[in-house]
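Welcome! Please take a moment with the sequence and the 3D view before reading on.

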Amino acid sequence: MSDAPPRSPFPVPEGRAPGARPLPCADTPLAGAMPGIMTCVHCGFCLQACPTYLALGDENDSPRGRILLVRALAEGTLPLDDPDVRTHLDQCLGCRGCETACPSGVPYGHILEAARATLNTVKPPARIARLGLAVFARPRLLAAALAAARVVRLTGLAALLARLPGRTGFAFAMLAASTPRASRSYTPRDATPRGTVAILQGCVMRGLFAHVNRATERTLATNGYRVVPAPAQRCCGALHAHAGDLAGARALARRNIAAFERSGADFIAVNASGCGLMIKEYGHLLADDPAWADRAAAIAARARDVSELLVVAGPTLGAPLHEHAAYDAPCHLVHGQHLAREPLAVLGAVPSLVVTPLPNADQCCGSAGLYSLVEPRLAQDVLGPKLAEIASTGAPLVATGNPGCMMHIGAGLMRAKIPARTVHPVELLDAAYAAQAHGAAALDR
Ligand code: SF4
Ligand code: SF4
């Protein structure tokens, strides 16, 4: 049997000749994406890396098919209000697994964002997505919503309501899956100084995973980084960019750039992979803004996933933890930031911890920002194989460095009654450091 990828079932358009008539999309975000679109040679190597193609078996729901659809929009052979095109683009997770598989370097993520931004000019995104984006852009409203969520979580109501069927039950299960387990603080030891670091507090991270932010501070300090404050941060803008609200993403990016500039930090540490990728792409996001382009690029160059910073320092070994953790790679860490080894090196600094990378750790879990709320059926279809893989490892812990993945996988585990919970890799390292400081096991199941 041939290993060649499947041929495209659609006629493959020829390249655009020099001097061809102007594109109908000339005044839309798609125009800027056209050079990237034209780098696709329709080889199909990306198909088997695409979770939606694997789940649906439809070429229109593959990277190659979507690129052809977007090109047809740009060239005017399909109208911008074509409902089927919208559906196929809405069903894309934006996981960027196709970028890793692509031998031609097609910048699929940027193409998708430009396509969604262009489609939004004729029809806004789904109401639930618009509501989510509006809340994330308003710090007070977001803080109030997350405070209410914490109350629901603290009272045990989230775990109770997680038994409800459908999207509502799953949303409460996601909230229940964010419940912090007891951890112990400790005073980080002196270490070789490695510079100053400002930590992106994040929206969901600050509201529901504050314990991971504290663990991030302690593990960085233990490895020689001096944590400095960066007040007045906002949402990173990733949700807005992925939904095609590029103006909203740019407004949030400008606020964050100013906040991190004021901090004077050498590095910006991020413990949420989607947010980390967004900050690393601030230069691209604001490339056409003369007042901000250079500032955005400078901040992007200082952004690091927390695992990158820890690996530069070793990381320092902790005390043994006799635990077993499966590892799943967040898409925007492995495909977006190309960091496959670093999180495993962080876990490798925990002696006696058994780490089992999932067989398809680089495949999306189906979380993808607001995706599990706006495309609940497909999100579950994508999650199913991941849960089966986790169950087959028998590991009671699943380490993954992104809040969306932690909540989505955690909710799936809870509803499938698989006896495992999710944890951020820095939580395990932090527990090992705490155990070292206190002379006892510090990770509470
Ligand atoms: S996106 Fe890349 S891998 Fe996929 S068909 Fe185009 S060139 Fe091939
Ligand atoms: S981003 Fe993910 S879901 Fe979308 S086309 Fe690429 S591989 Fe498929």
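Here is a short tour of cavities, a ligand, a pocket and a sheet.

## Ground rules

This is a predicted model, in which local features need pLDDT of at least 70, side-chain atom pairs count only at pLDDT 80 or more, and totals for chains, interfaces and linings use all residues. Residues are numbered from 1 along each chain as its sequence is written, chains are lettered from A and ligands numbered from 1 in written order, and side-chain values use heavy atoms, with hydrogens and water left out.

Across the whole structure, a search turns up 7 cavities of 30 Å³ or more. A cavity is a set of points, on a 1 Å grid over the protein atoms alone, where a 1.4 Å probe fits but cannot get out, and its lining residues have an atom within 4 Å of a point. Grid points are joined across faces, edges and corners, and a volume is the space filled by probe spheres set on them. The largest cavity holds about 120 Å³. Its lining has 17 residues, with Cys-40, Cys-46, Ile-67, Cys-102 and Val-106 nearest the centre. By class, 12 are nonpolar, 3 polar and 2 charged (Ala, Val, Leu, Ile, Met, Phe, Trp, Tyr, Cys and Pro count as nonpolar, Asp, Glu, Lys and Arg as charged, and the others, Gly among them, as polar). The largest share, 3 residues, comes from α3; helices are DSSP runs of H or I of at least four residues, and strands runs of E of at least two, numbered from the N terminus.

What takes up space in the largest cavity? Ligand 1 does: a molecule sits in a cavity or pocket if more than half of its atoms lie within 2 Å of its grid points. Around ligand 1 are 13 residues, the closest being Cys-40, Cys-43, Gly-44, Cys-46 and Cys-102 (near means a heavy atom within 4 Å).

## The second largest pocket

A pocket is an open set of points with protein on both sides within 12 Å along at least five of seven lines. The lining comprises 8 nonpolar, 4 polar and 5 charged residues.

## A parallel sheet

An open sheet of 4 strands runs in the order β6-β5-β7-β8, with parallel pairing; two strands pair if DSSP finds at least two bridges between them. At the edges are β6 (354–357) and β8 (421–423). Strand β7 (residues 397–399) is joined to β8 by 3 bridges, and Leu-397 has Arg-421 of β8 as its bridge partner.
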